[in-house]
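Open the model in your viewer and keep the sequence panel beside it. The tour goes stop by stop, and each stop says what to select and what is there.

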Amino acid sequence: MSSFVVEETKKLWATWNIRVFVIVSLSVQVFLILFAPYRKRRGKIYGKCVDLLIWSIYLLADWVAGFSIGLIVSKQIKSPTESSDIQVFWAPFLLLHLGGPDTITSFALEDNEFWVRHLLGLLLQVGSTAYVFIKSLPENKLWLPTILVTVAGIIKYAERNRAFYLASFDHLGDGWVPSEWGDELLIPVEFRRIDAKTMEKFEKSLKSILWTAVHHFGTIKMTLVGPFLSPDQCSDIRETFLQLENSSHVLQAMEIELSLLYEVLHTKLPVVGCMIGYIFRFITMCCILGALLSFSLFKKHYELEQFDIWLTYGLLIGALLLEFMSIILLSLSDWILVAHIQSMESKFFNKRRWCRAVSQLNFITYYVKYSPVLLRDIANYLGIRILLEAIKGILCLSSQDFREDQWHFIYEEVKKLSESLMEDASRPTGLEANQAWKSNRKRALESFSNSTDIANILEELDYSKSVLTWHIATEICWLQQEPDQLPGSGTEEDQTSTSNGFNHKEICKLLSDYMFYLLIMHPAMMAAVSVSWKIVFADTLAEVESLVSRRSISSNEKDVKRQISKASKKILELIPNARNPQRDIDRSVLFAASALAKQLKKSYPWKSMSLVWVHLMCFAAINCRPQVHAQQPSKGGELLTFVWLLMNHLGVGTHFSSHY
């Protein structure tokens with residue numbers, strides 16, 4: 001009985017394996033072309049699930065197509081028959097699929113660096129396809145459509161390899177040349193035709209936004225792979241951005257820049273969005289259409305299984321539909337809209353380019369929902385502690401919409417900060433991040449009425465400890481001042497936190513929870529923190545655990561709020577210098593946070609605290625590696641990346657850490 005089942009399974013596999021894998025290959029191509037662009041605008045909470053799904057399908061697409069070609073080669077070697085001619089015809093379609101859709105070439109920046117490996121893959125797969133085709137001659141009656149689809153498949157696969165090559169950091173600047181109106185600024189070749197006359201048909205605000213974004217897009221490339229900007233370039237860029245009408249226009253210009261960067265790094269647009277690309281795309285369409293017509297004629301000359309005929313029609317029509325979908329999506333991309341701006345209407349530029357949301361995570365909530373000791377010990381034993389912490393962080397995450405008034409406050413403060421730093425020419429250069437942070441910390445504390453007491457508390461803390469200390473203190477102030485009310489409720493306390501149209505309490509909460517989120521979930525973006533950050537955090541968490549008794553994790557929202565309020569009060573009641581002598585005083589910042597919260601509670605200086613958080617965020621943004629920032633447009637965008645780009649445009653990016 002068992003041998004019968006095995007034999008039947010083998011027969012079923014031999015009959016359907018190629019057909020099933022070809023169908024799966026076509027299906028994943030449809031999925032990628034439709035859903036890959038969603039990465040730019042994905043939400044923060046479920047974004048990681050979306051990324052995981054797209055990443056899985058992205059890897060599956062190459063594996064399925066390559067494996068299917070291997071099955072066809074194997075069958076052609078073992079039992080070449082007349083019916084296998086149709087399967088030989090399917091092999092070039094798998095080359096088309098290996099070329100991938102225009103909407104995604106690489107999932108991560110690292111994929112672009114392996115363009116040589118992808119080139120070898122191209123040679124191998126083309127060789128395999130050519131082998132099965134040559135072996136099927138001269139009996140193969142489908143030779144003409146096979147050749148046509150093979151030509152189209154080679155073009156598509158070569159386009160993908162070209163996109164990998166151009167997006168690699170060694171060659172990222174190959175498409176830029178000095179512009180005609182400025183010898184030093186670099187812009188893409190496709191955008192050189194854009195001049196003042198081209199912009200005349202657009203309204204003034206959109207004209208200035210597009211002009212600024214396009215003519216300074218090359219500065220991102222220079223920041224990523226090239227030399228530092230010269231003083232003249234910094235001055236020119238700064239003046240251009242300061243001439244924009246308001247902070248909202250600055251944000252829109254940077255959105256376009258980062259959208260163009262995403263398309264350069266992760267799509268085929270730089271390859272197909274030019275005249276040569278249009279010619280090859282036309283050839284591809286003609287080849288597929290010619291293959292469809294010739295197959296309709298050749299299939300009448302000998303019998304084929306009806307399922308194989310319909311599957312082949314599905315592959316041909318599917319290939320045409322994928323090409324048409326690529327053309328539609330291509331025409332709506334920022335690269336094409338900008339490159340062909342003469343014939344575009346302004347309404348096409350008003351679209352969402354990033355999620356416009358900020359992830360939120362705070363220390364006290366993280367502690368209340370922290371994993372039990374037993375579960376952590378089991379995770380350590382199994383070697384999955386990092387996975388456990390990642391899951392825990394996701395469960396504690398929340399997301400908040402990022403409003404224009406919040407961006408306006410950040411923009412104004414960054415502009416003031418850049419002005420003060422550019423005027424200060426006496427400061428030494430070459431300082432390390434933490435040394436620079438300590439030497440300029442007074443700048444952020446000047447607005448506090450009790451700045452001396454606060455400075456004494458923070459005196460021995462480096463940047464990473466300062467972020468955690470300020471975060472815990474901010475959270476305690478937020479909970480203690482308004483434990484049961486939402487911000488903006490109209491109370492007297494809430495009114496005192498608002499000035500110049502800004503709700504400073506909300507801004508403090510937003511930036512505090514965002515910076516803690518980056519520390520826990522995206523440590524790569526917090527390059528300014530010390531290498532001992534994890535020890536500091538773990539020790540602080542352990543100290544809270546020893547002071548505050550915590551019940552089992554509850555899903556009841558009221559119970560969680562009660563535990564959060566209890567933990568904040570316990571931390572606030574800590575007595576200075578009452579630390580357990582067995583603990584290393586240099587690692588935990590809990591007592592420093594408690595002392596800082598006591599000082600802040602005297603007047604709740606939310607405006608001054610918001611300035612501190614902008615100061616902390618700017619330092620993190622400019623000390624983060626540019627390559628890490630370049631990854632963020634494919635992950636929905638990060639506020640920190642916009643701050644980094646703003647600082648570079650305001651002329652304090654490349655040398656900011658030496659002045660901070």
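**The whole chain**

Start with everything shown as a cartoon. This is a predicted model, and its protein chain has 30 helices and six strands. The chain is 660 residues long, and 55% of these count as buried.

**Stop 1: helix H24**

Select residues 504-521, which form helix H24. With 18 residues at 1.5 Å a residue, H24 should span 26 Å, and its end C-alpha atoms lie 25 Å apart, so the two values agree. Is H24 enclosed or open to the outside? Of its 18 residues, 18 are buried, so H24 is largely enclosed by the rest of the structure.

**Stop 2: helix H12**

Select residues 275-298 for helix H12. Its 24 residues should span 34 Å at 1.5 Å a residue; the end C-alpha atoms are 34 Å apart, which agrees. Colour the buried residues of H12, among them Gly277, Arg281, Met285, Ile288, Leu292 and Phe295. What do the buried residues of H12 pack against? Their partners are helix H3 (85-99), H6, helix H11 (269-272) and helix H13 (306-331).

**Stop 3: where H10 crosses H30**

Show helix H10 (residues 247-266) together with helix H30 (residues 639-649). Their axes come within 11 Å and cross at roughly 105 degrees. An angle from 65 to 115 degrees counts as roughly perpendicular, so that is how H10 lies to H30.

Now show the side chains at the crossing. H10 brings Val250, Leu251, Met254, Glu255, Glu257 and Leu258, and these meet Thr641, Phe642, Leu645, Leu646 and His649 of H30. Sorted by class, the contact of H10 with H30 holds seven nonpolar, two polar and two charged residues.

Stay with Leu258, in helix H10. Its relative accessible area is 6%, which means that Leu258 is buried, as the cut-off is under 20%. Apart from neighbours within four places in sequence, Leu258 is in contact with Pro633, Thr641, Phe642 and Leu645. Draw a distance from Leu258 to Phe642: the C-alpha atoms are separated by 8.8 Å, although the two residues are 384 apart along the chain.

**Stop 4**

Most residues other than glycine have a negative phi, and most peptide bonds are trans.

Go to Pro138, in the loop between helix H5 (115-136) and helix H6 (143-167). The peptide bond joining Leu137 and Pro138 is cis, with omega about 0 degrees.

Next, select Arg356, in the loop between helix H14 (334-339) and strand S3 (357-360). The phi of Arg356 is near 55 degrees, a positive value in a residue other than glycine. Arg356 is partly exposed, with 26% relative accessible area.

Finish at Tyr604, which sits in the loop between helix H27 (590-601) and helix H28 (606-623). Phi is positive for Tyr604 as well, near 45 degrees. Is Tyr604 buried or exposed? At 17% relative accessibility, Tyr604 counts as buried.

Definitions and conventions:
Residues numbered from 1 in each chain as written. Predicted model: local features only at pLDDT ≥ 70, side-chain atom pairs only at ≥ 80, totals over all residues. Heavy atoms only, no water. Helix = DSSP H or I, 4+ residues; strand = E, 2+ residues; numbered from the N terminus. Expected span 1.5 Å × (residues − 1). Buried < 20%, exposed > 50% of the residue type's maximum accessible area, 1.4 Å probe, protein only. Axes fitted to C-alpha atoms, helices over the stretch in contact; angles between N-to-C directions. Parallel < 35°, antiparallel > 145°, perpendicular 65-115°, else oblique. Contact = heavy atoms within 4.5 Å. Nonpolar A, V, L, I, M, F, W, Y, C, P; charged D, E, K, R; others polar.
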